[in-house]
Amino acid sequence: MTDSLRHLPREEVLDRCARWGIQSVELGTGNFSPAPHVDLQALLRDRAERERLLRDVRGRGLRISALNCSGNPLHPRSDVASRHAQVVRDTVALAGLLEVDTVVTMSGCPGAPGGGDVPNWVVSTWPPEFVEAVEWQWRERVVPFWQEMADWAERHGVRLAVEMHPGQCVYNPATLLRLRQAAGPRVGANLDPSHLFWQGVDVLDTVRRLGGAIVHVHAKDTRLDGPNVRRDGVLHLAAGQPPAQRPWAFRTLGLGHDAFFWAQFVDELRQAGYAGALSVEHEDEVLSPEDGVLRSVHLLRAVLPQDVSFAQP
């Protein structure tokens, strides 16, 4: 995921990817992504810009695995929702023009039925009004939007890979499957284990449960700190605290779960029929982006089956 190296210009990022043996890139197009390496509107309106991007990528032996426009298109503030939703629509259209079959995004999270301008993430069945609120969100906001977006994606020959992310209506396997059932097979999962680890979700079981619904994968790790979890639980708001003082923190692959886990993860994905990208996403606050990405690449290369070829660095 090239946002991991957002401080570098596109050409240098692609050069490093080719040198490190990476085979594909995931490009951010806006919303939560700062889109440091593409200009969404320029690419939509200018065929020459699209051709230049494809030359930059393909000329280094790479391909585009996905475009990423994760955001909150259901935000209770209509101006935010409208802006984020338009980026999703435009990204789907651009993916079609680039012949990229996958767009990574998030489900979004609306407010409560009574109004307000702050998203309301409901994860408890008590008090009873919580259940009423979440069912209203799904009925009035989530399902209608994603049914419409699934139709838009089908028109452009694109799959929507929804990342299960806390703070969004889709945050675990059950809610992902609920959305897929409502919106249809154009909606699948971007499986990012890092967000499932700290929720206590069994990632290997998730692969088996979702199976063919997995259309994209992020390679990102999470370290859970046992004493901190026992002291305050995983829901503790530890904003501003260094990683060592938090219940959990995003880490580079291997610093949260060892190589044996990642070998099992890759094996389960292959058994489930997944043959797409493992898109390294760096959000480790301890290691530099260059160090974190390269360490992750080395670990993945070590655990991938020998019949998977890599460009040599």
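A disulfide is taken here as a pair of cysteine sulfur atoms within 2.5 Å. By this criterion the structure, which is a predicted model, holds 0 disulfides. For Cys17 the closest cysteine sulfur belongs to Cys69 and lies 20 Å away, so the two are too far apart for a bond. Cys169 counts as buried because its relative accessibility is 5%, and the cut-off for burial is under 20%.

The largest nonpolar core comprises 77 residues, and those with the most contacts inside it are Ile64, Trp146, Leu191 and Phe265. Helix H5, spanning residues 129–155, supplies the largest share of this core, with 10 residues. In soluble globular proteins, nonpolar side chains tend to be buried together. When neighbours within four places in sequence are set aside, the contacts of Ile64 are with Val25, Leu27, Leu53, Leu54, Val57 and Val100.

Two further buried positions were examined. Thr105 belongs to strand S3, residues 102–106, and has a relative accessible area of 0%, so Thr105 is classed as buried. Beyond residues up to four places away in sequence, Thr105 touches Cys69, Ser70, Gly71, Val88, Trp146, Ala161, Val162 and Glu163. Among these contacts is Trp146, which is also one of the residues with the most contacts inside the largest nonpolar core. Val80 is located in helix H4, residues 78–98, and is buried at 9% relative accessibility. With neighbours within four places in sequence excluded, Val80 is in contact with Asn72 and His75. The C-alpha atoms of Val80 and Asp117 are 9.9 Å apart in space, with a separation of 37 residues in sequence.

Two or more lining residues are given by each of helix H1 (10–20), strand S1 (24–28), strand S2 (63–68), helix H10 (259–271), strand S9 (278–280) and helix H11 (289–303). The largest share comes from H11, which provides 4 residues. In terms of class, 19 residues of this lining are nonpolar, 9 are polar and 4 are charged.

The volume of the second largest pocket is about 330 Å³. Its lining consists of 16 residues, and the closest to the centre are Val234, His236, Leu237, Ala238 and Trp248. This lining divides into 12 nonpolar, 1 polar and 3 charged residues.

A search of the whole structure for cavities of 30 Å³ or more returned 1. The largest cavity holds about 40 Å³ of space. Residues Ala219, Lys220, Arg251, Thr252, Leu253, Val280, Glu281, His282, Glu283, Asp284 and Ser296 line this cavity. Of the lining residues, 5 are charged, 3 are polar and 3 are nonpolar. Val280, one of the residues lining the cavity, falls within strand S9 (278–280), an element that also gives two or more residues to the lining of the largest pocket. Ser296, another residue of the cavity lining, falls within helix H11 (289–303).

Note on methods. Residues numbered from 1 in each chain as written. Predicted model: local features only at pLDDT ≥ 70, side-chain atom pairs only at ≥ 80, totals over all residues. Heavy atoms only, no water. Nonpolar A, V, L, I, M, F, W, Y, C, P; charged D, E, K, R; others polar. 1 Å grid on protein atoms, 1.4 Å probe; cavity = no way out; pocket = protein on both sides within 12 Å on 5 of 7 lines; lining within 4 Å. Points joined across faces, edges and corners; volume = space filled by probe spheres on them. Core = buried A, V, L, I, M, F, W, Y, C linked by side-chain atoms within 4.5 Å. Buried < 20%, exposed > 50% of the residue type's maximum accessible area, 1.4 Å probe, protein only. Contact = heavy atoms within 4.5 Å.
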